[in-house]
Amino acid sequence: MTVVIRQGQLQPAALKLKPVVWRLQPESFKRALQYVILPLAILVVWQGLAQAGLIQPLILPSPTRVAATLWSMLVSGQLEKHALTSILRVLQGFGLAALLGIVLGMAIGLSSTLDRTTDLAVQVLKPIPPLAWIPLAILWFGIDEPSKIFIIFLGAFFPILLNVITGIRNTDSKFVELAKILEVSRWKFIRQVVIPGALPAIMTGLRVGLACAWMCVVAAEMIAASSGVGYLIMDARQLSQTDVVVVGMIVIGVIGKIMDDLIRRLEHRLIGWRVSYQGE
Amino acid sequence: MTSGASGSLVIQKLSKTFATREKEVGALADINLSIVRGEFISIVGRSGCGKSTLLRIIAGLENDYEGVVALDSQQICKPGLDRGMVFQEHRLLPWLTVKENVAFGLARIPLKEKERIVQKQIDLVGLTGFEKAYPFQLSGGMAQRAAIARALVNRPRILLLDEPFGSLDAITKIQMQQEILRIWELEGTTMIIVTHDIDEAVYLGQRVVVLSSRPGTVKKIVPVDLPRPRDRNSYDFTQVRRAIYKEFFTEEEQPFIYAI
């Protein structure tokens, strides 16, 4: 930002407080710094407390210790193996939830009869946490992959289903009137008005669903797993390897963020027009 | 596609009440109106006087009414392609381009024919070159033009306009009024415009129907026999406008205020 200072011209008070050095930095640099400053500060404080001996390594290992463990696990290929296993499970569970959630959601959204029929069942099942399903999952599907995928599926299914239904129900009545006047066929109406109109809600459902699916990974892998990030954490906890636990948590967080970013990209490609539509 | 057959509308003893929780609200009472094919009618009234309700009944969007509303001797009971409508918001589908929006109303026509018709309509409303634009890229006036193109693409017998230029700025509004007149002169579709802008009503209509408020009844029908193009600032125009103004506003005595 350039400020031309003329003789006698009043300068805004705020400008006087910022040193010239700061003012001369490019905007992008300043912005990048804002993103980074809080995590950096936390790391610095954390490291400081650990080195001063104020927190025991068992309770919370220092950042350097965690980084070292992370590095060794990365190098040995361990981390990759566990991460990929979990990602695969999440994708399977989520994929199933997305498919069923969208199909069922559309059917319920478009048919009042179906909505009324399924409403009670959905409302009762929805609040049950995926964790509570574990005993049944084991009984029904054994202790192998299917039971874990089932848990992950449950985590993602309800957010997707409910958002799809909402998206379809909230079709703008203005467009409904328009379609009536233009005598648009029901199929064309669904295809060209209802579904595109519901896409923002559907995408929201998918984003939330994916996040929930990923959060269920730890719970799912409690079912006698022998690989995966959730298993890693559980196993490390047994062995009091808190640093591994933290590494596992970080991995979950990072992968979760990457997955969310990917869906955001998809969202932008599919509904780029939404940004400007918001104003209406 | 409907043939541009007739387009004469007969309304007799039309009444409509809305039932709210406490009581019944009379929206329209005893409306009688005849509109001849190819006419341009303005309906003017205050907000809430029932003019939009009247238009919606003609469009078939409201059908719980008493009385006769008949298009070419057929009672209107639901919406249809023979009555096109342009709303105050353009109601263009945000995920379709201008071309796709205009084509939205066309059904079961071979692709080439569809292309031809759509292009013709787009040219008619002056949006040539903007076929691939999305609604959010258009200005208010342009979006309304697209909406008008869409409404006309099926060659309706009547075009209903519900305060179509209400959300536009004053200058664009005047441009759009000239545009709709141009289209009317080219296409000859019967047009009914509902507005609260008295100037607009007089500029556009061959007759101006003045509606009173709550319940809406036809207070007066003012014929506008001025030649086109009409000069908004001419004496004759002002005379007609004054006659309508009088229906809404009485001359107020300006009190003298002494100030020392």
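Student: Is B:Leu127 buried or exposed?
Tutor: B:Leu127 has 21 other C-beta atoms within 10 Å. Buried takes 20 or more such atoms, exposed 12 or fewer, and partly exposed lies in between, with C-beta atoms placed from the backbone. This is a predicted model: local features need pLDDT of at least 70, side-chain atom pairs count only at pLDDT 80 or more, and totals for chains, interfaces and linings use all residues; residues are numbered from 1 along each chain as its sequence is written. Chains are lettered from A and ligands numbered from 1 in written order, and B:Leu127 is therefore buried.

Student: Where is B:Leu127 found?
Tutor: Helices are DSSP runs (H or I, at least four residues), numbered from the N terminus. B:Leu127 is in the loop between H3 (111–124) and H4 (140–152) of chain B.

Student: Are H8(A) and H10(A) roughly parallel or antiparallel?
Tutor: H8 (residues 145–169) and H10 (residues 186–220) of chain A pack at about 160 degrees, axes 7 Å apart. Axes are lines fitted to C-alpha atoms over the stretch in contact, and angles run from 0 to 180 degrees between N-to-C directions. Under 35 degrees is roughly parallel, over 145 roughly antiparallel, 65 to 115 roughly perpendicular, the rest oblique. H8(A) and H10(A) are therefore roughly antiparallel.

Methods: Helix = DSSP H or I, 4+ residues; strand = E, 2+ residues; numbered from the N terminus.
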